[in-house]
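Colleague: Thanks for sitting down with me. Could you take me through the helix packing and the ligand surroundings?

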Amino acid sequence: MTVSTADDPIKLAEFEARLERGETIEPKDWMPEKYRKQLIRMMSQHAHSEIVGMLPEGNWITRAPSLRRKMVLLAKVQDEGGHGLYIYCGTETLGIDREELVEQLLTGKAKYSSIFNYPTLTWADIGVIGWLVDGAAIVNQTMLAKTSYGPYARAMIRICKEENFHKRQGYEICTVMAKGTPAQRAMVQDAVNRWWWPSLMMFGPSDGTSPNSAELLRWRVKRETNDALRQRFVNLTIPQAQAIGLTVPDPDLRYNAETENWEFGAIDWAEFQAVISGNGPCNRERMAARRKAHDDGAWVREAAEAHAAKQAARSREHAA
Ligand code: BYC
């Protein structure tokens with residue numbers, strides 16, 4: 001990989017011309033330092049989100065209501081772990097070590113998605129996470145499958161296939177509960193009421209207050225704005241809610257026949273800011289769980305290093 005701190009204007013023009021032609025940028029290609037930094041920030045935040053995202057759902061594996069539900073949930077949580085590792089590998093192609101990325105998460109320097117700082121109170125939350133949270137992730141990640149950085153785009157294509165399965169299993173749980181007893185119906189409606197607004201916040205701040213969007217759009221890392229993706233998600237989701245007789249907790253929601261958009265009420269950005277600055281309902285719990293997992297895994301890292309050193313010594317002996 002060739003990077004420079006003071007970007008050479010000729011190389012920068014060539015780089016931007018390549019993007020203009022719709023070419024993807026690969027790890028060994030020249031790239032502006034800021035492009036590399038933006039991708040490390042975004043991809044590592046994404047990888048951390050997948051790993052932290054295992055916690056709220058993992059919390060329900062032992063309490064799934066049937067063996068089938070338990071197997072599906074186990075597979076889903078394992079998928080999220082796989083996505084995290086896959087995106088960490090993609091981020092390493094930008095010249096940063098996994099160790100450093102994990103360090104940034106554990107010290108709070110790197111963010112992870114706001115959505116995973118909310119608690120999973122009932123089984124219905126598992127259905128609603130699959131439907132709304134994975135549903136929102138698919139809208140964002142389908143756009144990222146066309147991002148300008150090759151390794152990230154390819155990772156998104158594979159990950160989106162699994163996310164589609166996650167969404168379907170979540171919507172199926174919600175459908176069964178919505179058609180169930182009055183208590184089950186009330187439980188799933190309560191879960192939708194709690195997860196709706198946090199799901200809309202997943203797309204990030206409004207376009208006017210999104211500091212990174214302009215640069216990411218110029219370099220085709222993002223292909224659409226936060227607000228455009230949020231609107232697409234709402235337009236897709238409202239008919240799904242109606243189909244199973246659920247509502248979203250927004251008195252201002254109305255369909256605009258002219259624009260063909262479901263217009264929605266104001267998002268509580270103060271809540272979003274509180275959550276992304278570490279003060280959401282579960283931020284401390286999530287970080288404590290990740291730190292404990294990291295500490296508990298120290299012996300694995302030490303054993304792997306000792307094994308690698310032994311292997312290296314053996315190959316030196318053979319070579320001598
Ligand atoms: N949460 O300038 P902006 C999943 C931060 S995992 C926390 O608009 P950008 C799943 C943003 O980082 C889904 N922070 O940023 C897993 C920035 O702060 P910094 C994860 C957020 O990058 C398991 C500041 O706010 N997906 O699907 O242009 C189970 C200003 O924002 C959030 C990804 O990570 C947020 N929601 O746009 C189930 C996708 N929103 O970094 C499901 C990759 C914004 O400057 N990431 N911030 O300190 C992206 O697409 C973009 O980074 C974002 C934000 C749309 C999230």
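Modeller: Gladly! Keep in mind that this is a predicted model.

Colleague: Which residues of H10 does H8 meet?

Modeller: From the H8 side come Trp 196, Ser 199, Leu 200 and Met 201. By class, the contact of H8 with H10 has six nonpolar, two polar and one charged residues. The H10 partners are Arg 230, Phe 233, Val 234, Thr 237 and Ile 238.

Colleague: How are H2 and H5 oriented to each other?

Modeller: Helix H2 (residues 33–52) and helix H5 (residues 98–106) have axes that come within 11 Å and cross at roughly 70 degrees. Angles of 65 to 115 degrees count as roughly perpendicular. H2 and H5 are therefore roughly perpendicular to each other.

Colleague: Is the crossing of H2 past H5 left-handed or right-handed, and what is the class make-up of the contact?

Modeller: H2 passes H5 in a right-handed crossing. Ile 40, Ser 44, His 48 and Val 52 of H2 meet Leu 101, Val 102 and Leu 105 of H5. Sorted by class, the residues of this H2 and H5 contact are five nonpolar, two polar and no charged.

Colleague: What about H4 and H6: which word describes their orientation?

Modeller: Helix H4 (residues 67–92) packs with helix H6 (residues 123–144) at an angle of about 45 degrees, the axes being 13 Å apart. The crossing of H4 and H6 is left-handed. Going by the angle, H4 and H6 are therefore oblique to each other.

Colleague: And how many charged residues does the contact of H4 with H6 have?

Modeller: H4 brings Arg 69, Leu 73, Lys 76 and Glu 80, and H6 brings Trp 123, Ile 126, Gly 130 and Asp 134. By class, the contact of H4 with H6 has three nonpolar and one polar, and the charged residues number four.

Colleague: Now the ligand: which residue has a polar side-chain atom 2.8 Å from one of the ligand's oxygen atoms?

Modeller: The ligand is surrounded by 35 residues, the closest being Arg 41, Gln 45, Lys 111, Ser 210 and Lys 222. A polar side-chain atom of Asn 140 lies 3.1 Å from a ligand oxygen atom, and a backbone N or O atom of Met 201 lies 3.4 Å from a ligand nitrogen atom. The residue you asked for, at 2.8 Å from a ligand oxygen atom, is Gln 45.

Conventions: Residues are numbered from 1 along each chain as its sequence is written. This is a predicted model: local features need pLDDT of at least 70, side-chain atom pairs count only at pLDDT 80 or more; totals for chains, interfaces and linings use all residues. Side-chain values use heavy atoms; hydrogens and water are left out. Axes are lines fitted to C-alpha atoms, for helices over the stretch in contact, and angles run from 0 to 180 degrees between N-to-C directions. Helices (H or I, at least four residues) and strands (E, at least two) are DSSP runs, numbered from the N terminus. Angles under 35 degrees count as roughly parallel, over 145 as roughly antiparallel, 65 to 115 as roughly perpendicular and the rest as oblique. A crossing is left-handed if the near helix is turned anticlockwise from the far one by less than a right angle, and right-handed if clockwise. Contact means heavy atoms within 4.5 Å. Ala, Val, Leu, Ile, Met, Phe, Trp, Tyr, Cys and Pro count as nonpolar, Asp, Glu, Lys and Arg as charged, and the others, Gly among them, as polar. A residue is near a molecule or strand if one of its heavy atoms lies within 4 Å of it. A polar contact is a pair of N or O atoms within 3.5 Å; within protein, one must be able to donate a hydrogen and the other to accept it, and residues adjacent in sequence count only if both atoms are side-chain atoms.
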